[in-house]
Structure formats: structure tokens, C-alpha cells
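Visitor: Can you walk me through this one? I'm new to reading structures.

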Amino acid sequence: MTSVSPASTTAPESATAPEATTAAPVSGGHRGAPMGSKSHTDGAWSERPVQTRSERYSSANVGDFDKPTGREVDWKLTPIKLIDDLINGELDGSPFKGNLAVAQPVDGFSLAWIDRTDKRIGSAGLPEDRASANAWSHFDQALAIDITGEAPTGEFIVSRSGLGTVARAAHTVITAAPNSRGILVLENAGDARLAENVEIVIGEGAHITVVSVQEWNDSAAHLASHFAQVGRDATLRHIVVSLGGGVVRVNPSIHLSAPGSNTEAYGLYFADAGQHLEQQVYIDHAAENSRSRVKYKGALQGEGAHSVWIGDVLIRQTADGTDSYEENRNLVLSEGTRADSIPNLEIETGNILGAGHASSTGRFDDEQLFYLQSRGISEEEARRLVVRGFLAEIIQQIGAPAVEERLTLAVEAELTVTV
């Protein structure tokens, strides 16, 4: 049976402003209490569990977080028993230099390994869960990617593969200079048990696309937290593509921290039998006249296929003129799957251009299938065409034809096996 979270919606909703709350800036270090660490009793409001993203605790020290039990709001949909080593265990933090490849040099991009004491570490955000903090506490060196070119010269592709079955930690820092332009693609394949943090700092006036592609082997586990700070009049296009892995959890946290900042966050996932693909997206509107668009689309096929999408948008008191919208669409291809889809809005000011969300989970449209079959297309091919068209919208946002073509072929391979 297909299961949809009770919090899901099936049509767009207009937001209403809740009671305002107070949140510290992301760079402020510790704040609030760990998610779910406080017990709630009647009359003890100060001891209530943390329920909203604006209250969430942050720290780079794994010891500051309780071990999750699976009842916490940020872990309750995750199979934590399958990834306990990444959340609570010792991690190999040595740099994976022998497992890293660059497709080809591109003008305006540079890559280097830096020590964890480098001032760029922590410039985009801090961990908000124990897995992220565990990775932060264990990495030895970070991979630094700098973007300085002011004219597009091609996509810079960095690939990782063959990380093995030992639990590992990794850290990446992406820095885009003011007014820079470029497309960065981070590709992952093969075996891995990896917890990592990715920091992204977008300078004033820059327009950057960062694409993260997960095509791990079926036994792989990957927990990633992405933190981004977007500068004045800058744009970050952030795209997550998850097509492989046993447990894959990629959580982007994008902070629109300067006037005129903008983000477009896209995601595509295809969950096969037994796969758990998760993404918890956080958009923090901290400055006036900021804009965000979030669109994630996924397909599920096979017994035990499970996807999780949680979309949190915070519009702070300081974010007058905000324009925000988020949506998640899921296409179910068989029985035995589960799609959890939970959009959330926190609005602390009424002086905004707009804010809304939408969520839907459904099966094939019989009318679409009938239309295609009436024109001589077999049912099997018609179903493939529908899925291909459903997911192509996200792939086309990348803006790199060669990468788009490769990912289209990867989706085709999924359809050949499953549909």
C-alpha cells in the first residue's frame, strides 16, 4: 500500500502568519535545545520539545547532541538502526584523495585540500543533528573549491567513488567570489558509508549552480548536510539528484542572509525496492526582498521503497518583501511504497509578497495513459513516457547539456528495470 504522511497536502495552500518566534543567526553557534531532548509535561512550557526549525540547536561538537532514538522530529522517518555507525560511531576522517577525480580543468574553478583550522570552515553554518556533528568532529582536512570566474566557461565536475565500507567523514567548502558565475557538479558512485558536511558561500552578485548527484551502490549509506549562505543580489541554484544507495539523506539548509538574495532549490529522486531516499530542505529568509523557489519531484517503485521530503521555510521578522514557494510531487509506480511529504511555513512578518506550499502523491494518470495508447503506443512505453516527462523538468534545470543527458540516461536505466 502507498502511504502518505498525514501532514501532506494535495493542493497549493496559502500561508497564514503564526505567532512570531525568536531565532538566533545561523553563525551564532549554540542556540535553543537539541531537537526532542526536552520532555513535555502540562504546565512546563519551558521544557517543551523543540518543534520548529527556528528553534533548532546547532553545534560542531558531536558530544552536544543526544543520541537519537527515532522519536525525534528530525529522525522519526529515518531508519536510524541502519546508519548507527555514521551517527554515533568513530569515523575515518582522512582525506579521500585517491578516490577523487576531476573530469577536466575549467577556468575560474580551483580545488585544494585545507586544514580544519582554516577560517573558511564554519562560514556557512553549523550542524543541527548528531550525524552532521559527528562528521564535523572527525574530518582531518576539507576539500575547498573556489569559484572566481565572472563568465561561464563550462561545468566543473568532481567525482568520488570507491570509498569502501568503512564509516567515513568528509567536509567540503565551496566559495564563490563576488559576481562569479559557474556550474559545479559533485558526483558520487560506488560503495560508501559516509557522513559529510558541505558548506556553500555565495558572494555578492554571484550566480552559481551546485548539483549533487548520488548514484551509490544499493548497499551504500550517505548522510549529507549542505549549508549555504547567499549574499546580496546573489543567486544559488541548488540541485539534488538521488538515484542510488540503500539509505541516502541529503539535507540542504539555505540561508538568504542579505538583501536581494535568491535561491532555487530543486530535487529529483527515484526510490527502488528497499531504498530509503530522504531530503529535509530548510530555506531561511533572513533579509528583506529575498526570494526562494523549491521544487522536488520523485518516483517510487518496488516493495519497501521509501522517500521522505520535509520542506521548512522560515520568514523572519527582518525579511520584509519575501517571495517564497515550495512544492513536492511524488509519482507512485507500484504497491508497497511509502512517500512522506511534509511542507512547513514559519512566518514572522506580514509584510511579504507571498508564501505558499504544495504537496501531492499519486499514481499514473489514466487519461494520459489512454491518450498515448490511443495513438499506438504500448502501455509499457506510455508509462515510461509519463515518468520521463515527470522527472525531466528537474533535470532541465541544471543548465549543463552533457550532465543533463547523462542523468536522463540514468533515469532511463531506472525505468527499464522498474516500469
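**A helix inside**

Guide: Start with helix α2, residues 130–138. Helices here are DSSP runs of H or I, at least four residues, and strands are runs of E, at least two, numbered from the N terminus.

Visitor: Is this from an experiment or a prediction?

Guide: This is a predicted model: local features need pLDDT of at least 70, side-chain atom pairs count only at pLDDT 80 or more, and totals for chains, interfaces and linings use all residues. Residues are numbered from 1 along each chain as its sequence is written, and side-chain values use heavy atoms, with hydrogens and water left out.

Visitor: Which residues of α2 are buried?

Guide: Arg130, Ala131, Ser132, Ala133, Asn134, Ala135, Trp136 and His138.

Visitor: And what do they pack against?

Guide: They pack against α1 (84–88), β7, β9 (193–202) and β11 (221–230). Contact means heavy atoms within 4.5 Å.

Visitor: What happens at the start of α2?

Guide: A side-chain oxygen of Asp129 comes to within 3.1 Å of the backbone nitrogen of Ala131.

Visitor: New topic. What is the phi of Asn179?

Guide: Near 65 degrees, a positive value. Most residues other than glycine have a negative phi.

Visitor: Where is Asn179?

Guide: Asn179 is in the loop between β7 (167–176) and β8 (181–190).

Visitor: What about Asn289?

Guide: Asn289 has a positive phi too, about 55 degrees. Its loop runs between β15 (276–285) and β16 (291–300). Asn289 is exposed (over 50%), at 52% relative accessible area.

Note on methods:
Buried means under 20% relative accessible area, exposed over 50%, partly exposed in between (1.4 Å probe, protein chains only). A polar contact is a pair of N or O atoms within 3.5 Å; within protein, one must be able to donate a hydrogen and the other to accept it, and residues adjacent in sequence count only if both atoms are side-chain atoms.
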